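Open the model in your viewer and keep the selection panel at hand. Each stop names what to pick and what to look for.

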Amino acid sequence: MLHRGRESTDGDGGPAVPMAWFYAEYIADELLRTGDLMPPTSVEFRAGRDALALTVFLSDTDGELSGIRVITQLETWLSLTAYDQPWQEWVQQRLDDLAADAAASGRGVPGPDLELAVEAWRWLRETELLAPDLNAVPGGGAAGEDEGPKVWTPAWQLGLPLGHLAIHLF
């Protein structure tokens with residue numbers, strides 16, 4: 001997918017359009033909207049969209065993700081986003097590999113697709129959201145969803161399971 005974002009859309013040599021990243025975001029957005037799990041204006045929705053977009057973008061190792069292949073990739077995305085998988089290490093490794101590929105090819109700087117993916121990853125790591133404490137002692141009180149214990153957690157830790165569930169619901 002990276003090679004498509006290196007040129008302007010009209011071939012005039014203008015600024016590169018990050019079409020691969022935009023397509024990954026579109027797929028993630030559609031999966032989340034179809035699941036109807038969070039309001040699209042919520043920060044939790046953004047966390048889910050960014051986590052899913054990173055998964056879609058970074059799992060396309062052939063640069064060939066097309067509309068028809070989306071359905072065939074759902075199982076791959078499910079396995080990558082599963083609870084017991086080291087998703088954050090996989091993301092960092094793939095981003096490092098793509099940056100190294102860009103440097104080795106003589107481009108020196110990453111393309112706009114990779115820049116947006118790196119920015120999404122930075123936001124997911126550095127942004128903390130207040131979330132229910134799933135490790136709290138059970139039976140600590142009969143509190144409602146909004147009244148129970150909460151902890152600050154990196155956005156990716158909320159967005160990843162949200163994205164995983166959206167894939168299941170699709």
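Select Ala100 first. Ala100 sits in helix 4. The model is predicted, and every value on this tour is computed from it. Is Ala100 buried, partly exposed or exposed? Its relative accessibility is 42%, so Ala100 counts as partly exposed. Buried would need under 20%, and exposed over 50%.

Ala100 and Pro110 are separated by 10 residues in sequence. From C-alpha to C-alpha, they lie 8.9 Å apart in space.

**Helix 4 against helix 5**

Select residues 87-104 for helix 4 and residues 112-126 for helix 5. Their axes come within 11 Å and cross at roughly 150 degrees. That angle makes helix 4 roughly antiparallel to helix 5, because the cut-off for this label is over 145 degrees. The crossing of helix 4 past helix 5 is left-handed.

Show side chains at the contact. Helix 4 brings Trp87, Gln88, Val91, Gln92, Leu95, Leu98 and Ala99. Helix 5 meets them with Leu114, Ala117, Val118, Trp121, Leu124 and Arg125. By class, this contact holds 10 nonpolar, two polar and one charged residues.

**Helix 4 against helix 2**

How do the axes of helix 2 and helix 4 cross? They come within 10 Å, at roughly 50 degrees. Helix 2 is therefore oblique to helix 4. Here too, the crossing is described by its hand: helix 2 passes helix 4 in a left-handed crossing.

Colour the contact residues. From helix 2, pick Ala51, Leu54, Thr55, Phe57, Leu58 and Ser59. From helix 4, pick Trp87, Trp90, Val91, Arg94, Leu95 and Leu98. The classes are nine nonpolar, two polar and one charged.

**Helix 2 on its own**

How many of the 17 residues of helix 2 are buried? The count is 13, so helix 2 is largely enclosed by the rest of the structure.

**The loop at Asp36**

Go to Asp36, in the loop between helix 1 and helix 2. Check its backbone. Asp36 has a positive phi of about 50 degrees, although it is not a glycine. With a relative accessible area of 64%, Asp36 is exposed.

**Helix 1 against helix 6**

Select residues 19-35 for helix 1 and residues 155-169 for helix 6. The two pack at about 70 degrees, with axes 8 Å apart. Helix 1 is therefore roughly perpendicular to helix 6.

At the contact, helix 1 supplies Leu31, Leu32 and Gly35. Helix 6 supplies Leu162, Gly163, Ala166, Ile167 and Leu169. Six of these residues are nonpolar, two are polar and none is charged.

**Zoom out**

Show the whole protein as a cartoon. There are six helices and two strands. Along the sequence, the pattern reads α-α-α-α-α-β-β-α. Buried residues make up 41% of the 170 residues. Finally, draw the contacts with a separation of 6 or more: 68% of them join residues 24 or more positions apart.

Key. Residues are numbered from 1 along each chain as its sequence is written. This is a predicted model: local features need pLDDT of at least 70, side-chain atom pairs count only at pLDDT 80 or more; totals for chains, interfaces and linings use all residues. Side-chain values use heavy atoms; hydrogens and water are left out. Buried means under 20% relative accessible area, exposed over 50%, partly exposed in between (1.4 Å probe, protein chains only). Helices (H or I, at least four residues) and strands (E, at least two) are DSSP runs, numbered from the N terminus. Axes are lines fitted to C-alpha atoms, for helices over the stretch in contact, and angles run from 0 to 180 degrees between N-to-C directions. Angles under 35 degrees count as roughly parallel, over 145 as roughly antiparallel, 65 to 115 as roughly perpendicular and the rest as oblique. A crossing is left-handed if the near helix is turned anticlockwise from the far one by less than a right angle, and right-handed if clockwise. Contact means heavy atoms within 4.5 Å. Ala, Val, Leu, Ile, Met, Phe, Trp, Tyr, Cys and Pro count as nonpolar, Asp, Glu, Lys and Arg as charged, and the others, Gly among them, as polar.
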